Amino acid sequence: MTPTEPREQHRVRRFTTAERMVHRATGTLMLLCATTAAFLYIGPLAQVVGRRGLMVTVHEWSGILLPIPVLLGLFAPAFRADLRRLNRFAPYDRRWLRAVRRGRTGPADRPAGKFNAGQKIYAGWIAGAVLVMLGTGLLMWFVHLLPAISRTSAIFVHDVLAWAIVVVLAGHIRLALRDPQARRGMRTGYVDRRWAAREHPRWLTEDRPPARRAPLTPAVPTPAERARGIGGTARPARSRRIRPRDRS
């Protein structure tokens with residue numbers, strides 16, 4: 001273990017092996033798509049590599065296979081649970097977005113669960129963009145699928161969205177490079193508990209069993225409640241005394 005590796009008692013599980021495998025497979029396929037697209041559409045790179053037919057084949061099949069890791073990940077309960085978290089926008093997420101807009105960086109100004117509002121928006125946007133890219137790519141490959149949509153229109157949408165994906169992915173990678181704990185969580189599955197409490201303060205509380213979220217001190221009943229017998233310490237039920245005539 002390196003000196004910067006969090007000790008066993010100070011770390012918390014963030015991602016399971018299945019989730020990390022889905023992320024790595026999706027990232028690899030996305031990188032293949034972007035790299036082959038660059039070799040296809042940027043002149044100097046195309047001249048250096050050549051073999052356009054091979055680049056087209058790799059680009060097409062890496063794009064078609066892109067949703068497969070996510071579909072396989074649906075068999076993992078932890079992955080499905082994280083998808084539900086990403087798909088649920090909590091009230092405090094609006095506070096997180098307001099803090100980002102106003103440039104506030106304090107942990108108290110940016111409440112977040114396991115995923116903050118930015119990660120939820122990114123996940124939803126990239127999922128939709130991949131589906132559109134897959135659809136327009138198939139229209140470019142099989143022109144006869146939807147004759148009403150011209151191949152030129154499909155190419156235009158595919159190209160514009162490709163540049164948008166490159167910009168968003170560059171921002172995603174930049175944020176990951178700035179946060180060693182986030183990278184460690186995706187690499188090993190564990191993060192420092194102090195980092196989790198600072199960056200995702202509601203995560204550990206929300207995932208705690210309901211019984212452990214209850215107040216540690218019992219509520220003190222008011223005099224009126226005590227008079228009505230509410231809130232007091234429950235007395236054990238008294239056993240019914242069996243009288244001699246009941247035995248007969």
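Predicted model: local features only at pLDDT ≥ 70, side-chain atom pairs only at ≥ 80, totals over all residues.

Visitor: Where is Lys-114 found, and which residues does Lys-114 touch?

Guide: Lys-114 sits in the loop between helix H6 (91-101) and H7; helices (H or I, at least four residues) and strands (E, at least two) are DSSP runs, numbered from the N terminus. Contact means heavy atoms within 4.5 Å. Leaving out residues up to four places away in sequence, Lys-114 touches Arg-14, Phe-15, Glu-19, Asp-82, Arg-85, Gln-119, His-200 and Trp-203.

Visitor: What makes the pair Asp-82 and Arg-85 a salt bridge?

Guide: The term requires a side-chain nitrogen of Lys or Arg within 4 Å of a carboxyl oxygen of Asp or Glu. For the side chains of Asp-82 and Arg-85 the N to O distance is 2.5 Å, so the pair meets the definition. Both residues lie in helix H5 (residues 77-86), 3 residues apart, about one turn of the helix. Asp-82, Arg-85 and Lys-114 are linked in a network of salt bridges.

Visitor: How many salt bridges does a search of the whole structure find?

Guide: The search finds 5 salt bridges. Among them is the one between Arg-194 and Asp-192, at 3.5 Å from N to O. Arg-194 counts as exposed because its relative accessibility is 63%, whereas Asp-192 is buried, with a relative accessible area of 11%. Another joins Arg-198 to Glu-199, with the closest N and O atoms 3.3 Å apart. Arg-198, at 40% relative accessibility, counts as partly exposed, and so does Glu-199, at 35%.

Visitor: Which residues lie nearest the centre of the second largest pocket, and how many residues line it?

Guide: A pocket is an open set of points on a 1 Å grid over the protein atoms alone where a 1.4 Å probe fits, with protein on both sides within 12 Å along at least five of seven lines; lining residues have an atom within 4 Å of a point. The second largest pocket is lined by 30 residues, and Ala-37, Tyr-41, His-59, Met-133 and His-158 lie nearest its centre. H8 supplies the largest share of that lining, 8 residues.

Visitor: What is the makeup of the lining of the second largest pocket?

Guide: The lining divides into 22 nonpolar, 4 polar and 4 charged residues. Here Ala, Val, Leu, Ile, Met, Phe, Trp, Tyr, Cys and Pro count as nonpolar, Asp, Glu, Lys and Arg as charged, and the others, Gly among them, as polar.

Visitor: How many helices and strands does the protein have?

Guide: The secondary structure comes to 14 helices and 2 strands.

Definitions and conventions. Residues numbered from 1 in each chain as written. Heavy atoms only, no water. Buried < 20%, exposed > 50% of the residue type's maximum accessible area, 1.4 Å probe, protein only.
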